[in-house]
Amino acid sequence: MIGRVSDVPLSGDPASRFLPWTVGLLVFLATLAFAAGMFLASAGDTWRQNLSGTLTIQIPQLDTSDTSDTSDASGAADRRVRVDAAAELLRTTPGIESVRPIPDAEIAVLLEPWLGKQVLGLELPMPDLIDATVARGAELDLAALSARLAQVAPGAVVDDHAVWLRRLTEFTRIAETISFAVMIVILISAVATVVFTTRTGLAIHSEVVEVLHLIGAQDSYVARQFQNHTLRLASAGAAIGFMLGAGIIWLAHVYGGRLSGGLLPELAFGPMQWVLLAALPVGAVLLVVLTVGITVKRVLGKMM
Amino acid sequence: MANGVGDIVRFENVGMRYRLGAEVLHDVSFSLPAGSFHFLTGPSGAGKSSLMRLMYLAHRPSRGSISMFGRDVSTIPRSELAALRRRIGVVFQDFRLIDHLSALDNVALPLRIAGAKEGQIRNHVAELLKWVGLEGQIEDKPTTLSGGEQQRVAIARAVIARPQILLADEPTGNVDDDIAIRLMYLLEELNKIGTTVVVATHNESLIERFKHPCFHVEDGLLSGPGIAVRPARKPEGDK
């Protein structure tokens with residue numbers, strides 16, 4: 001069939017001329033929606049992996065406003081003593097794998113998006129932070145640990161990120177669901193467009209289709225005429241739509257990291273994710289071609 | 001017409017209507033033996049084309065039964081109709097050629113539909129177009145051909161797949177007498193090699209010239225001297 005003129009003259013149909021653009025636009029939008037869904041799933045996993053199994057211990061600075069004889073140097077030494085004591089207590093606690101006091105410079109980097117680069121010069125009463133990693137499967141008694149820490153570092157707060165993690169998980173799941181739902185709605189729109197285009201084509205060429213039937217064509221022969229035509233148009237549209245979508249994703253990868261300031265994980269897909277993304281236009285074209293076949297056969301099924 | 005085992009077409013008490021309209025054919029009963037040649041005549045609107053439509057399986061009867069090649073058309077699954085249609089060649093009154101295809105591609109359609117190999121199609125089709133006198137117009141589109149040339153392309157398309165029966169609806173309606181006679185000789189040649197032929201026509205001179213049995217349709221009723229037309233079956237309860 002390919003390489004010779006189609007028996008049904010579909011090329012000149014007005015509806016056919018719009019099909020590549022329609023499929024291209026829908027594949028473009030579906031690619032972005034699918035990419036957003038995969039990014040959110042990936043980001044959620046990254047955040048969960050980073051946060052689960054970790055503790056953050058905040059040790060607030062003591063209020064020294066009423067002790068006029070305390071110098072800055074002795075205050076700093078006092079802070080160091082409390083942080084070291086808390087870190088040592090954590091290291092000796094069963095179930096805790098590693099302990100890392102976070103340097104002031106690193107805390108400043110975390111606060112930089114809100115307070116600017118001169119955060120250290122502001123002399124703010126920033127708490128000291130200690131990151132602790134909990135061994136896989138270990139069950140810590142956080143209340144007991146908090147009580148012991150309060151003895152060596154008064155005011156210390158243990159944060160296991162449970163509330164943040166739960167909200168984050170809920171948010172990413174909702175966002176993922178919305179992204180994939182949008183993608184499915186877009187694909188349903190593509191199917192509806194193709195059903196309309198095919199029915200229009202069948203109505204326009206009903207005489208030719210009847211002649212084909214009367215000289216012995218099976219429904220599948222007529223359906224192939226429409227499917228081959230749609231395959232050519234939809235493939236071209238899907239390729240363009242996918243390339244534009246992939247271009248946007250690449251731009252987001254290049255410029256997105258700079259804009260997010262470290263708040264979001266990097267928008268970079270692995271090979272498997274690119275394979276899934278590239279499968280989208282292929283799947284869309286197959287869906288469209290399958291839809292055409294089913295539509296033609298259903299309409300012809302009403303003829304003798 | 002004898003009720004023989006070799007009947008290629010058999011109608012029994014067939015009635016036909018379009019949708020919910022009035023019946024256009026009433027109690028039509030006849031049979032055609034394989035290898036026969038018949039004319040079908042009658043005034044315009046009498047039901048000739050409707051009868052042809054039933055024979056080339058474009059329409060189901062409203063009542064009665066139609067048997068083609070020994071298969072009851074009323075009960076045959078839709079998926080098997082295509083195979084039956086391939087055994088029927090049709091020359092439509094308005095030709096029904098596909099305008100964007102060349103004469104060659106129009107004639108090749110039945111072979112392509114039957115799944116013939118492309119390599120074999122071109123030579124076979126070119127040979128047939130030469131036989132109908134169109135060797136110089138193989139690549140021409142139907143819109144550039146005269147009425148007579150289109151007629152011959154339509155006939156070539158109807159016979160290319162060697163059908164068992166050829167149904168021609170007014171095949172000489174758009175050509176002058178000389179070409180009409182040439183076309184009739186062509187149909188007789190096909191009949192001689194075993195094809196059953198039915199020609200629906202208004203052309204009395206052709207019927208006079210070519211001595212073949214003749215059906216006559218008038219007001220939806222089929223009759224014809226010399227043809228074994230079955231009497232209409234009485235409605236049930238009508239003793």
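This is a predicted model: local features need pLDDT of at least 70, side-chain atom pairs count only at pLDDT 80 or more; totals for chains, interfaces and linings use all residues.
Local features here need pLDDT of at least 70, side-chain atom pairs count only at pLDDT 80 or more, and totals for chains, interfaces and linings use all residues. Residues are numbered from 1 along each chain as its sequence is written, while chains are lettered from A and ligands numbered from 1 in the order in which they are written.

**View 1. Chain B as a whole, with seven helices and 10 strands.** Helices (H or I, at least four residues) and strands (E, at least two) are DSSP runs, numbered from the N terminus. Chain B has a radius of gyration of 18 Å, close to the 18 Å that the globule rule gives for 239 residues, so it is as compact as a globular protein of that length. That radius is taken over C-alpha atoms, and the globule rule is 2.2 Å times the number of residues to the power 0.38. The C-alpha trace spans about 65 × 40 × 35 Å along its principal axes. Buried residues account for 43% of the 239 in chain B; buried means 20 or more other C-beta atoms within 10 Å of a residue's own, exposed means 12 or fewer, and partly exposed lies in between, with C-beta atoms placed from the backbone.

**View 2. Strand β4 (residues 63-68) of chain B and its partners β1 and β5.** Take a look at β1 (residues 7-17) first: β1(B) runs antiparallel to β4(B), joined by five bridges. Strands pair if DSSP finds at least two bridges between them. Gly15(B) faces Arg63(B) of β4(B). With β5 (residues 71-72), β4(B) pairs in the antiparallel sense over two bridges, and Ser67(B) stands opposite Asp72(B). Two residues lie between the strands of this β4(B)–β5(B) hairpin, where Phe69(B) takes a positive phi near 55 degrees.

**View 3. Gly35(B) in the loop between β2 (23-33) and β3 (37-41) of chain B.** Gly35(B) is partly exposed, because 16 other C-beta atoms lie within 10 Å. Thr195(B) is 160 residues away in sequence, yet the two C-alpha atoms are 5.4 Å apart. Beyond neighbours within four places in sequence, Gly35(B) is in contact with Gly194(B) and Thr196(B); contact means C-beta atoms, placed from the backbone, within 7 Å.

**View 4. Where chain B touches chain A.** Here 19 residues of chain B are in contact with 13 residues of chain A. On the chain B side, α2 (81-85) and α3 (103-113) are the elements that give two or more residues, and α3(B) gives the most, with four.

Key: Two residues are in contact if their C-beta atoms, placed from the backbone, lie within 7 Å.
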